[in-house]
Amino acid sequence: MTRSNRRTFVRHTVVLAGAAALAHAGFATAQSYPTRPVTIVVPHAPGGAVDSVARIFAEKLKDELKQSVIVENRAGASGMIGAQHVARSEADGYTLYVNASIHSINPLLYKKSIKFDAVKDFTAVSMLTQGALIFSVPPSVGATSVSDLIAKFKASPNRYSFATSGFGSAGHLGAAQFLYENDLSQIPIVLYKGAAPALQDLVGGQVQAMMDPMLSSLPFVKAGKLTALAVTGAQRSPLLPDVPTLRESGMKDFELYSWYGLWAPANVPPAIVKQLDDASSRIMAQPDMKSKLETFGFESAYKNSANFAKFIDAETARYKVVIEKANITVD
């Protein structure tokens, strides 16, 4: 063997040995994970749908990981403050992130101001659950069906407005799509900072319609303070069996869910991602977890990491079409 060949052999040996050491280190890290509390960042205020899903999930994840799981609310900027914090966190599995479909909508709206990449800066760990929205109006509107409401909107469009709990939320896109498809784009959509103030004004009649998760709207419907005209899912909700879907109400292609998932920062070791994903799978299959989610209007919709990433891509493409057709822009 020549001196040159010997050098080549030695160099390759070092590279291979280094790769083996790195693989072993990653395995050791995954084997010992977690050794301290895990934090789930929720980029919205306490009490809303995302926060509720995160807290229910965190209780179960604590048991799976045999470690404390803390839910930390970092609200603001349509969820982007919390998301940016997670994107810049250590990729060690100790900072996780639960959000709704708005995570994939924000990049389509805040193209100039968003400070992270919603795909490249995150690891899609698992899709957890989804829920149809309630399309409701206050009784003072006098509509008992979607066709009634469309007729009223068309007769006096200047008298009406939609509410949305967040710019770019599923409810916002649903309202925009509904108005666009019924040639009612002149009716304004009023932005609120959360579901609570939006529902307060909806019940009071200051705004006249809203699409909102069942968790926050259903109590008002049950109390008779709001009239549910339709739900946005593919089937009727068992919580409102007498309320038709928007498809049944004449909008045959309308299907919309607010979905919720678990993310981590980019480049978390694959073994840790698998550990978290496997835990999610077990949690979402538990009967008491399904039952608890159903009382809030959610259904288990678990997808593993690879399928969740594909789902995000497909949903983002779908949202882009709605945003462009409805001409939703950030002022």
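1. **Ground rules.** This is a predicted model, so local features are given only at pLDDT of at least 70 and side-chain atom pairs only at pLDDT 80 or more, while totals for chains, interfaces and linings use all residues. Residues are numbered from 1 along each chain as its sequence is written, and side-chain values use heavy atoms, with hydrogens and water left out.

2. **The overall picture.** The chain has eleven helices and ten strands. Helices here are DSSP runs of H or I with at least four residues, strands are runs of E with at least two, and both are numbered from the N terminus. The C-alpha trace spans about 90 × 40 × 30 Å along its principal axes. Of the 331 residues, 49% count as buried; buried means under 20% relative accessible area, exposed means over 50%, and partly exposed is in between (1.4 Å probe, protein chains only).

3. **Surface and contacts.** The chain exposes about 15,700 Å², and carbon and sulfur atoms supply 53% of that. The areas come from the Shrake-Rupley method with a 1.4 Å probe; for residues, only the protein chains shown count as cover. Taking contacts (heavy atoms within 4.5 Å) with a separation of 6 or more, residues 24 or more positions apart account for 77% of them.

4. **α2 against α10.** Helix α2 (residues 49-65) and helix α10 (residues 287-295) have axes that come within 11 Å and cross at roughly 170°. The axes are lines fitted to C-alpha atoms, for helices over the stretch in contact, and the angles run from 0 to 180 degrees between N-to-C directions. The two helices are therefore roughly antiparallel. For the wording: under 35 degrees is roughly parallel, over 145 roughly antiparallel, 65 to 115 roughly perpendicular, and the rest oblique. On the α2 side, I56, F57 and K60 make the contact, meeting D288, M289, K292 and L293 of α10. The residues of this contact divide into four nonpolar, no polar and three charged. Nonpolar covers Ala, Val, Leu, Ile, Met, Phe, Trp, Tyr, Cys and Pro; charged covers Asp, Glu, Lys and Arg; the others, Gly among them, are polar.

5. **α9 against α10.** α10 also packs with helix α9 (residues 270-285), at an angle of about 70° and with the axes 5 Å apart. α9 and α10 are therefore roughly perpendicular to each other. I283, M284 and A285 of α9 meet P287, M289, K290 and L293 of α10. By class, this contact has six nonpolar, no polar and one charged residues.

6. **Salt bridges.** The count is ten, where a salt bridge is a side-chain nitrogen of Lys or Arg within 4 Å of a carboxyl oxygen of Asp or Glu. One of them joins R55 and D51 at 3.0 Å, N to O. Both residues sit in helix α2, four residues apart, about one turn of the helix. R55 is partly exposed at 36%, whereas D51 is buried at 4%.

7. **Two other salt bridges.** E72 and R74 meet at 2.3 Å, N to O. E72 is partly exposed at 27%, and R74 is partly exposed at 33%. E255 and R247 meet at 2.7 Å, N to O. Here, E255 is partly exposed at 28% and R247 is partly exposed at 35%.

8. **I134.** Where does I134 sit? I134 is in strand β4 (residues 122-137), and at 0% relative accessibility I134 counts as buried. Leaving out residues up to four places away in sequence, I134 touches M210, M211, D212, M214, S217, L218, V221, A228, A230 and L240. I134 and A271, 137 residues apart in sequence, are 39 Å apart in space, C-alpha to C-alpha.

9. **Two buried loop residues.** S101 lies in the loop between β3 (95-100) and α4 (102-109) and is buried, with a relative accessible area of 1%. Not counting residues up to four places away, S101 touches A170, Y257, S258, W259 and Y319. I187 lies in the loop between α6 (170-181) and β6 (189-191) and is buried at 3%.
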